[in-house]
Protein chains: 2
Amino acid sequence: MENRIERIKKQLHSSSYKLTPQREATVRVLLEHEEDHLSAEDVYLLVKEKSPEIGLATVYRTLELLTELKIVDKINFGDGVSRYDLRKEGAAHFHHHLVCIDCGSVAEIEEDLLEDVEAIVESGWNFKIKDHRLTFHGICEKCQQEDRADENE
Amino acid sequence: MENRIERIKKQLHSSSYKLTPQREATVRVLLEHEEDHLSAEDVYLLVKEKSPEIGLATVYRTLELLTELKIVDKINFGDGVSRYDLRKEGAAHFHHHLVCIDCGSVAEIEEDLLEDVEAIVESGWNFKIKDHRLTFHGICEKCQQEDRADENE
DNA sequence: CTCTGTGCAAACGGTTTGCAGCTCA
DNA sequence: TGAGCTGCAAACCGTTTGCACAGAG
């Protein structure tokens with residue numbers, strides 16, 4: 001935890017930004033909720049619990065800054081809200097998501113899985129890939145079980 | 001063209017919707033710009049050229065209706081605007097996109113490419129896939145050539 | 001006549017921006 | 001002192017909604 005903060009601090013400094021208390025509070029919330037896919041508003045409310053004086057605009061500006069430095073990834077599942085996802089340490093590729101269309105839960109896939117596909121696309125379409133977004137929409141394990149339970153009623 | 005309109009008309013009817021002049025004008029714009037990834041506003045302006053009385057709300061409502069009936073797909077490249085993409089005749093899967101981070105152009109990939117990946121995800125994560133979104137961000141062929149030309153200056 | 005669909009304008013909600021004040025070198 | 005950063009409120013902008021009216025069956 002502390003050493004990840006330290007590393008982020010260095011990343012900011014190397015681009016001549018400061019790790020202000022507000023920025024640190026925001027980063028801490030992101031670290032503590034690494035599995036969730038928080039919206040800016042979510043982050044704001046969580047930061048506010050510990051630092052009540054913070055403003056929503058500051059959170060937005062911090063998230064934008066972190067996105068720019070590729071410390072977080074800004075994602076959009078099509079529900080009209082941007083969500084922010086901390087990049088995994090040393091992850092070469094952006095991870096994938098499984099969005100459940102029943103309960104709305106979002107799971108992550110760390111495995112790359114796209115290596116073959118990317119090779120095909122790069123050679124077949126002459127496209128130099130820099131990043132990707134892959135999201136599957138479907139039914140999560142829990143909802144599948146509940147659906148089956150419903151059927152047996 | 002005409003028979004695709006006819007087919008869409010039938011799809012609407014089978015869900016007890018009418019193909020009104022406004023809806024037809026909107027669909028025609030989508031058919032005429034199948035390669036572009038138009039925003040609602042884009043569609044509105046194009047429809048307005050031929051049917052100036054149409055309102056923006058009607059275009060939104062039509063696009064929503066077409067999305068519901070899976071005649072178009074609503075996509076989001078993260079620039080804060082929804083774009084609408086006509087489904088290819090009989091396409092089982094939603095196609096993929098190549099977004100150029102230099103010039104902003106968007107190309108489409110019709111090939112599935114994800115069959116293997118989906119099989120892995122379904123069995124490995126117990127997730128029943130219903131749909132997917134795959135977008136690659138990178139440099140298109142044209143911009144790669146221009147970059148190379150720049151280097152040789 | 002009824003029900004669906006439409007145009008307009010207002011409302012909405014997430015995000016951005018202008019600005020005055022603050023912090024810390 | 002000055003550059004960067006913050007909080008607040010207002011502005012923004014894509015999208016949705018309420019409502020009165022039009023049009024087809």
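Visitor: Let's start with A:His96. Where's its place?
Guide: A:His96 is in strand E4 of chain A. Keep in mind that this is a predicted model.

Visitor: Buried or exposed, that A:His96?
Guide: Buried, because its relative accessibility is 1% and the cut-off for buried is under 20%.

Visitor: What does A:His96 touch, leaving out residues up to four places away in sequence?
Guide: A run of contacts including A:Ala107, A:Glu108 and A:Ile109, and also A:Leu113 and A:Leu114. A:His132 and A:Leu134 are among them too.

Visitor: How far apart are the C-alpha atoms of A:His96 and A:Leu113?
Guide: They are separated by 9.2 Å, with the two residues 17 apart along the chain.

Visitor: OK, zooming out. What's the strand order in the open sheet of six strands?
Guide: Reading across, you get E5(A)-E4(A)-E6(A)-E6(B)-E4(B)-E5(B), and the pairing is mixed. From one strand to the next, the twist averages 20°.

Visitor: And what packs on that sheet from chain A?
Guide: Helix H5 (residues 115-125) of chain A does. H5 touches E6 of chain A, plus strand E4 (96-100), E5 and E6 of chain B, and its direction makes about 130° with that of E6(A).

Visitor: Which strands does helix H5 of chain B lie across?
Guide: Helix H5 (residues 115-125) of chain B lies across strand E4 (96-100), E5 and E6 of chain A, together with E6 of chain B. The angle to E6(B) is about 130°.

Visitor: How many bridges join E6 of chain A to E6 of chain B?
Guide: There are 11, between residues 128-139 of chain A and residues 128-139 of chain B, and the two strands run antiparallel. For instance, A:Phe136 has B:His132 as its bridge partner, and A:Arg133 stands opposite B:Thr135.

Visitor: Why call E6(B) largely enclosed?
Guide: Because nine of its 12 residues are buried.

Visitor: What about E4(B) and E6(B), parallel or antiparallel?
Guide: Parallel, joined by four bridges. There, B:Cys100 stands opposite B:Gly138.

Visitor: Switching to helices. How does the span of H1 of chain A compare with what it should be?
Guide: They agree: the 13 residues of H1 (residues 2-14) should span 18 Å at 1.5 Å a residue, and the end C-alpha atoms are 18 Å apart.

Visitor: Which residues of H1(A) are buried?
Guide: A:Arg4, A:Ile5, A:Ile8 and A:Leu12.

Visitor: What do the buried ones in H1(A) pack against?
Guide: Helix H2 (21-32), helix H4 (56-68) and strand E3 (82-86), in chain A. Just after H1(A), A:Ser16 takes a positive phi of about 55°.

Visitor: Over to chain B. Which residues of H3 are buried?
Guide: In helix H3 (residues 40-50), B:Ala40, B:Val43, B:Tyr44 and B:Val47 are buried. Their arc around the axis is only 100°, which puts them on the same side of H3(B). What covers them includes helix H2 (21-32), E1, helix H4 (56-68) and E3 of chain B.

Visitor: Why is strand E3 of chain B described as largely enclosed?
Guide: Because four of the five residues in E3 (residues 82-86) are buried.

Visitor: Which residue of E3(B) does B:Leu38 stand opposite?
Guide: B:Tyr84. Strand E1 (residues 38-39) of chain B pairs antiparallel with E3(B) over two bridges. B:Lys74 also stands opposite B:Tyr84, and strand E2 (residues 72-76) of chain B pairs antiparallel with E3(B) over five bridges.

Visitor: What do E2(B) and E3(B) form?
Guide: A hairpin, with five residues between them, and B:Gly78 in the turn has a positive phi of about 85°.

Key:
Residues numbered from 1 in each chain as written. Chains lettered and ligands numbered in written order. Predicted model: local features only at pLDDT ≥ 70, side-chain atom pairs only at ≥ 80, totals over all residues. Heavy atoms only, no water. Pairing = 2+ DSSP bridges. Axes fitted to C-alpha atoms, helices over the stretch in contact; angles between N-to-C directions. Contact = heavy atoms within 4.5 Å. Expected span 1.5 Å × (residues − 1). Buried < 20%, exposed > 50% of the residue type's maximum accessible area, 1.4 Å probe, protein only. Arc of directions from axis to C-beta.
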